[in-house]
Structure formats: C-alpha cells, structure tokens
Amino acid sequence: FMRGIPIYCARQLGKATRLWRGFPIVYITVMFILVPLLLLGLSAIFNQDHKGFTVLGSFLVIIMGITGFYIVCWCFVQDGQEICRRCMQTRERRRVTMSNLPDNMDYVMRKLNTLSHHVGLPDDEEDELLGDDEEDKSTLEP
C-alpha cells in the first residue's frame with residue numbers, strides 16, 4: 001500500500017511534465033522555496049512571545065486550512081484537474097507554435113514567392129499600393 005503512493009505521485013508529475021515543459025520549474029519553486037518559506041514564517045510568528053502574533057499565526061493557519069480544503073474540493077469535485085490539464089496543454093501548444101513559427105514563416109514566404117512568380121504578379125505591387133495611399137492622403141488634407 002505505502003509503496004504505491006510515491007510511484008503514483010511520480011507518474012502524475014511525469015504526466016504533468018509531458019503536458020507542459022514549464023511544470024517542473026513551477027513545481028520546484030513552489031514545493032522547495034515558497035512552501036518552506038511560508039512554514040518557516042508561520043513557525044517564526046508562533047515563536048514570538050506576544051499574544052498578537054500567536055493570534056495572527058492562528059488566523060493564518062485557519063486561512064491556509066480553508067484554502068487547502070478549497071483546492072482539494074476544486075480539484076476533485078469541480079473538475080479542477082481537467083481545467084489544469086487543459087491549461088497546461090494550451091501553454092505547451094503555444095510554446096511549440098511560437099518556437100516553430102520562424103520555420104513556418106519561411107515556408108509560407110517561399111510558397112508565396114513561388115505563387116507570385118507563377119501567377120506573374122509584379123514584385124513592386126506593395127510599393128505601388130503604398131504610394132497610392134499617400135497620394136490620397138495628400139489630396140484630402142487642406
């Protein structure tokens with residue numbers, strides 16, 4: 001029973017990494033920097049000898065508990081896992097698209113040049129259009 005838990009968690013982390021390559025950076029930052037700093041800050045608040053800090057620490061622990069309960073309910077009851085999965089897939093698709101965009105643009109420009117030479121379009125058509133627009137603007141101005 002206990003051996004299966006770390007293996008299951010490792011598989012889930014692997015699936016999340018496969019969906020979005022930025023996930024390991026976020027995971028390491030949250031789990032090894034933010035959570036320990038938060039817990040260290042809470043323990044420092046409780047170590048103060050003032051009742052106000054103890055009350056503040058108690059409120060923070062209650063807020064953290066409610067937040068944790070909400071996250072668990074959101075993940076398992078309100079289909080939060082699927083929402084996170086779609087978000088990570090969208091981010092990864094956007095990253096892949098942006099990395100492949102220069103290659104795709106070169107391909108499109110080559111095909112466009114081939115098509116314009118095949119059809120016999122003049123190369124200076126864009127310059128002619130820009131020149132016509134400037135003449136129209138000059139005739140409209142007083």
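Predicted model: local features only at pLDDT ≥ 70, side-chain atom pairs only at ≥ 80, totals over all residues.
Biologist: How many helices and strands does the protein chain have?

Modeller: Helices (H or I, at least four residues) and strands (E, at least two) are DSSP runs, numbered from the N terminus. Here the protein chain has 5 helices and 0 strands, in the order α-α-α-α-α.

Biologist: At what angle do helix 3 and helix 4 pack?

Modeller: Axes are lines fitted to C-alpha atoms, for helices over the stretch in contact, and angles run from 0 to 180 degrees between N-to-C directions. Helix 3 (residues 51-76) and helix 4 (residues 80-119) pack at about 80°, their axes 5 Å apart. They are therefore roughly perpendicular to each other (65 to 115 degrees). Contact means heavy atoms within 4.5 Å; Trp74, Cys75 and Phe76 of helix 3 make it with Gly80, Gln81, Ile83 and Cys84 of helix 4.

Biologist: Which residues of helix 2 and helix 3 meet?

Modeller: Helix 2 (residues 23-47) and helix 3 pack at about 150°, with axes 8 Å apart. Leu38, Leu39, Leu42, Ile45 and Phe46 in helix 2 meet residues in helix 3, including Phe53, Leu56, Leu60 and Met64.

Biologist: Is Leu60 buried, partly exposed or exposed?

Modeller: Buried means under 20% relative accessible area, exposed over 50%, and partly exposed in between (1.4 Å probe, protein chains only). Leu60, in helix 3, counts as partly exposed because its relative accessibility is 31%. Leu60 touches Leu42 and Ile45, not counting residues up to four places away in sequence. The C-alpha atoms of Leu60 and Leu42 are separated by 7.9 Å.

Biologist: Which residues form the largest nonpolar core?

Modeller: A nonpolar core is a set of buried Ala, Val, Leu, Ile, Met, Phe, Trp, Tyr and Cys residues joined through side-chain atoms within 4.5 Å. The largest has 5 residues: Ala16, Leu19, Trp20, Phe23 and Met88. Of the 142 residues of the protein chain, 8% count as buried.

Notes:
Residues numbered from 1 in each chain as written. Heavy atoms only, no water. Parallel < 35°, antiparallel > 145°, perpendicular 65-115°, else oblique.
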